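Visitor: Could you walk me through this one? I'd like to start with how accessibility is classed, and then go to particular places.
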Amino acid sequence: MPIEPLLFIELAALGLATGFLAGLLGIGGGMIMVPFISTMLVGRAVAPGLAVKMAIATSMATIIFTSMSSVRAHHKKGAVRWDIVKRLAPGIVLGGLVASLGVFALLKGAALYFVFAGFVAFSAVQMYLDKKPAASRQLPGTTGQLAAGSVIGFLSGLVGAGGGFVSVPFMTWCNVAIHNAVATSAALGFPIALSNVLGYIVAGQGLQGLPAYSFGYLWLPALVVIASCSVLMAPVGARAAHALPVKKLKRAFAGVLFVLALYMLNKGIGALTG
């Protein structure tokens, strides 16, 4: 899959940065990847509405690889609640397919810019305040977890994220210890990513204006380079977390996320009026 050297350097830098930040701050790489990938695609003559969809799909695909790497480490420590994974995963697959095969394909690209901007702004507020929901109830039964999983999979599919922004607060609210919630969320990233990526590929078949090496909405060069680099850098970021003032860094990075949210909002307005 030959790609131009400049594009390779851009994608590699993005992968290294997102992998390091994911390990350091525990954030999802999609918040960084989607704005940059969409800008790269627009710079290569891809329509803005299609570019944001491809960026979201490609960001989600990287989670397949990062989730496998992360969950292995969590499983060795016995932190993953596999009983919760088994109950949430069917709903996640259902919600993910509804999002990626249905709503994602039907929504205008401009609308997805607005949805993503809202998601990043919400994440920035959560990161700045660093507040965890109080444990006030127990996990619901199988039906309740199926419904919760559907919501997690659906929302993740619209923004190209691994679901931790919903699943971790949900589990801590349901009295699951935070270290178990984070580890279980990492395990849930795999069914979230797999179901949504399958939907993105099917929904994007036959589209006009796709760049070279596309597979439906999936942009393969970005997936290969970013996933390879981010998996390499995530452990480095995790080690750095023990030496750096993570709480202060989270607050500073929240400011960066606000800027990215405004950037995506502006792009959405441009796509809507252009």
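Guide: Buried means under 20% relative accessible area, exposed means over 50%, and partly exposed is what lies in between. Please keep in mind that this is a predicted model.

Visitor: Okay, so is Tyr213 buried, exposed or partly exposed?
Guide: Tyr213 has 39% relative accessibility, and therefore counts as partly exposed. Tyr213 sits in the loop between H8 and strand S1 (214-215), and its phi is positive, at about 65°, although the residue is not a glycine.

Visitor: And what about the phi of Ala45?
Guide: Ala45, which is also not a glycine, has a positive phi near 70°. Ala45 belongs to the loop between helix H2 (30-42) and helix H3 (48-76), and because its relative accessibility is 74%, Ala45 counts as exposed.

Visitor: Switching to helices: at what angle do H6 and H8 cross?
Guide: The axes of H6 (residues 142-159) and H8 (residues 178-203) come within 10 Å and cross at roughly 55°, so the two helices are oblique to each other. The crossing of H6 past H8 is right-handed.

Visitor: Which residues make that contact?
Guide: From H6 they are Ile152, Gly153, Ser156 and Gly157, and from H8 they are Ile192, Asn196 and Tyr200. By type, these residues divide into three nonpolar, four polar and no charged.

Visitor: Is Asn196 buried or exposed?
Guide: Asn196, a residue of helix H8, counts as buried because its relative accessibility is 0%.

Visitor: What does Asn196 touch?
Guide: Leaving aside residues up to four places away in sequence, Asn196 touches Met60, Gly96, Ala99, Ser100, Gly153 and Gly157.

Conventions:
Residues numbered from 1 in each chain as written. Predicted model: local features only at pLDDT ≥ 70, side-chain atom pairs only at ≥ 80, totals over all residues. Heavy atoms only, no water. Axes fitted to C-alpha atoms, helices over the stretch in contact; angles between N-to-C directions. Helix = DSSP H or I, 4+ residues; strand = E, 2+ residues; numbered from the N terminus. Parallel < 35°, antiparallel > 145°, perpendicular 65-115°, else oblique. Left-handed = near helix turned anticlockwise from the far one by under 90°. Contact = heavy atoms within 4.5 Å. Nonpolar A, V, L, I, M, F, W, Y, C, P; charged D, E, K, R; others polar. Buried < 20%, exposed > 50% of the residue type's maximum accessible area, 1.4 Å probe, protein only.
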